[in-house]
Every structure is written in C-alpha cells, then in structure tokens.
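User: Hi, could you walk me through this one? I'm new to reading structures.
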Amino acid sequence: MNQSEASPIPPIVQLPGGLRFAFVEASWHADIVHQARDAFFAEMERNGFGAMAIDVFDVPGAFEIPLHAQRLARSGRYAAVVGSALVVDGGIYRHDFVSQTVVQALMDVQLDTGVPMISAVLTPHHFHEHAEHRKYFLRHFAVKGTEAAQACLQTVAGLHRLDARLSA
C-alpha cells in the first residue's frame, strides 16, 4: 500500500456476492488499531460489502496475526484476510524485527494458500505516548484502513479477472 496520501483507485469491478473477508487486529494500542478497522469497514461498505461480510478476530499482538491469518485462509471461507497492528518499540527487542517477521509471514501465507493477505501492520520509527503522537496515529490508521480496503478489493477483483482469463 502507498505510504503517502491515498490516491484515487480505479472503479472496482463487480465482485460476486457472498464473498467474505476477515480482519485480524492486534489488541495493543487498540484505540489506534480500531481506527484502521473502522475505516476499513466504511470503505468496504461504500463498495457494497457491509459489516455482515466481514469477520473480526482479535489477537493479543502483531506476532499472533499470521497464524490466525493462515487458519482463516486455509478454511476457504474468505476472499482475503487483513492484518492490522501498531508495532512500537517496547524497549525489550527491536520492534522492526517483529514487524518484518509478521509481514514476511503474511506474504508466506498468501503465497502458500492463494488467499490475499493485506497488511495494515505499521511500525513507526518513533512512537511516544504523548497526545500529539497519539492524535497523529489515530488519523494515520484511519487512512491506512481505507487503503487496506481498497487494496483488498482491487486484489480480489484482479484475481477474479486473472482466473477468468486463465480459464478461457
């Protein structure tokens, strides 16, 4: 997903009805992570997939997202799985290692199962608990949630088009 302002996306092709999506979110910094979830839901609704088409799964932290995503993908019930977390420097280990591991694991799950994994797992260089940083990341996660929904729908639509061409 783009790291700058959200750019307009091409219109989403009509996707089959009955598709389901999973949203796996970490509980750490839940108030911030929920901004991504809420924006994801709003954008999916704008594109014809309401709350009934999306299942939310809470996990303790980012590290737990890939295993849940793998099981959800293997179930065959979901057109795509989105993972969302804010991974910050906790002082015990390098937070960028955790984020890199999670994103790589999501890529591995995606390639292994053929189910798109959309990442809204973000790792800022610096995060401080003061009000100004929290306000910034509350806004930033809302943007990322919208972008995650757009990437989700574009990827699923692209795979549907690809499958149609390959079966012709």
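User: In what order do the strands of the open sheet come?
Analyst: This is a predicted model, in which local features need pLDDT of at least 70 and side-chain atom pairs count only at pLDDT 80 or more, while totals for chains, interfaces and linings use all residues. Residues are numbered from 1 along each chain as its sequence is written, and side-chain values use heavy atoms, leaving out hydrogens and water. The open sheet has four strands in the order 2-1-3-4, with parallel pairing; strands are DSSP runs of E with at least two residues, helices are runs of H or I with at least four, both numbered from the N terminus, and two strands pair if DSSP finds at least two bridges between them.

User: Why is one side of strand 2 and of strand 4 left without a neighbour in the sheet?
Analyst: Strand 2 (54–59) and strand 4 (117–122) stand at the edges and each has a single partner strand, so one side of each has no neighbour in the sheet.

User: How many bridges join strand 3 to strand 4?
Analyst: Six bridges join strand 4 to strand 3, which covers residues 80–86, and the two run parallel; in strand 4, M117 is the bridge partner of V81.

User: Switching topic, which residues have the most contacts inside the largest nonpolar core?
Analyst: That core has 21 residues, and those with the most contacts inside it are L15, L19, F21, F40, M44, F49 and V156. A nonpolar core is a set of buried Ala, Val, Leu, Ile, Met, Phe, Trp, Tyr and Cys residues joined through side-chain atoms within 4.5 Å, where buried means under 20% relative accessible area (1.4 Å probe, protein chains only).

User: And which helix gives the most to this core?
Analyst: Helix 4 does, with seven residues.

Definitions and conventions
Buried means under 20% relative accessible area, exposed over 50%, partly exposed in between (1.4 Å probe, protein chains only).
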